[in-house]
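This report goes through a few selected features of the structure shown below. Please keep the sequence and the model in view while reading.

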Amino acid sequence: EELVFELVFLGTSASAPSVQRGLSSALVMVNEHRFMIDCGEGTQRQLLRTGLGFRRLDKILLTHGHLDHILGLGGLASTVSRWEALDELNIFGGGMALARVQMLMDVVFGPGQTPNSGVTLNLMEAGLLFEDKQFTLTAVPVQHRGPDCFAFLFEEKERRPFLPEVAEALGIPHGPVRRDLALGIPATLPDGRVVQPEEVLGEPQRGARLFFAGDVSHTGPLHKVAEGADLLAVEATYLDADKQLAKQHGHITATAAARLARNAGVGQLVLHHVSRRYTTQQVLEEAQAIFPDTIVASDLDSFAVRKDKPVTVRSLRQR
């Protein structure tokens, strides 16, 4: 079964909303899991506009604690605790982010009432954050302004491909026997022979990789982590002409993002956290000059990521 990571941008504006763009939030959907990354003001309505709604929205990951990335959590927590059939809402973040979220929750539920609301704040550390049988999610430390900032790497687990030509040569019939072997289960053939999975499986191959970074001030340490990602999402708050401003505010330029994509050999670069001071076209042209496979995300754009296949994009904007 081919694994697909679906990345939906709910808000793509930097620091304040614009007419076209809401504040930072994205959703990664894989199998039955949904992970919301950041929750800027206005996120609830964006979620409704995609038609995805609040179902199974039980995991929220915070890149950092700045207000344009967390203010929507107050309203979202209030809605899901009152109206939606969600038993729990797990929020993961660094220390500073969670301290601020706790204050928001005190406003929404009353001081000290958070435990009764089904909302749980989980201190996040670098390393493996979540795993199921097909993929892992890793929190990757990044530099921005202040401590405890993170990016997120979604990785399909290595797979060993089934080799049909070897199966033919061994006289293995089509059907359940081949399915078992592909899943790593030894199989007994009608003539009594026992075939081990190793005999019909090829070398392990890496799976699909989606690397999502929010606000970052340095791309240097990310080359290794982003290596060979099928999709790299990262901020492009400034253009190269304003790189001194970018430095002062702990952000990167479209040029720096494109260089990261090129040096890491990624399949597709998707830029977000776009400043109102530029047109989308300016950001796109600057990045594409260095890395042609660049898209600037719009709100409600959805990207489907599969191993070694071109990323497909569609808009979930409900007319």
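## A208

A208 is buried, with a relative accessible area of 0%; buried means under 20% relative accessible area, exposed over 50%, and partly exposed in between (1.4 Å probe, protein chains only). The residue sits in the loop between β11 (194-195) and β12 (209-212). Helices (H or I, at least four residues) and strands (E, at least two) are DSSP runs, numbered from the N terminus.

This is a predicted model in which local features need pLDDT of at least 70 and side-chain atom pairs count only at pLDDT 80 or more, while totals for chains, interfaces and linings use all residues. Residues are numbered from 1 along each chain as its sequence is written, and side-chain values use heavy atoms, with hydrogens and water left out.

Not counting residues up to four places away in sequence, A208 touches F5, F154, E155, E156, D230, V305, R306 and K307, where contact means heavy atoms within 4.5 Å.

## G40

G40 belongs to the loop between β3 (33-39) and α1 (43-49). With a relative accessibility of 0%, G40 counts as buried.

Leaving aside neighbours within four places in sequence, G40 is in contact with L23, S24, S25, D68, H69, I70 and G72. G40 and L73 are 33 residues apart in sequence, and their C-alpha atoms are 7.4 Å apart.

## Aromatic pairs

The structure holds eight aromatic pairs. Rings of Phe, Tyr and Trp (its six-membered ring) pair if their centres lie within 6.5 Å; planes under 30 degrees apart count as stacked, over 60 as edge-to-face and the rest as tilted. The ring centres of F5 and F135 are 6.1 Å apart and the planes are at 85°, so this pair is edge-to-face. F5 is in strand β1 and F135 in strand β8 (residues 135-144), so the pair ties together parts that are 130 residues apart in sequence. Both F5 and F135 are buried.

F35 and F154 form another edge-to-face aromatic pair, at 5.6 Å centre to centre with 65° between the planes. This pair links distant parts of the chain, since F35 is in strand β3 and F154 in strand β9, 119 residues apart. F35 counts as buried at 1% relative accessibility, and F154 counts as buried at 0%. Ring pairs link F5, F35, F130, F135 and F154 into a cluster. The charged end of K59 sits over the ring of F35, 5.3 Å from its centre; a charge sits over a ring if NZ of Lys or CZ of Arg is within 6 Å of the ring centre and within 35 degrees of the ring normal.

## Cavities

There are two cavities of 30 Å³ or more. On a 1 Å grid over the protein atoms alone, a cavity is a set of points where a 1.4 Å probe fits but cannot get out, and lining residues have an atom within 4 Å of a point. The largest cavity has a volume of about 50 Å³, and its lining includes F9, S24, S25, H69 and H272.

The second largest cavity has a volume of about 30 Å³. Its lining is made up of H64, G65, H66, M96, A97, R145, P147, D148 and C149. The largest share of that lining, three residues, comes from β9.

How values were computed:
1 Å grid on protein atoms, 1.4 Å probe; cavity = no way out; pocket = protein on both sides within 12 Å on 5 of 7 lines; lining within 4 Å. Points joined across faces, edges and corners; volume = space filled by probe spheres on them.
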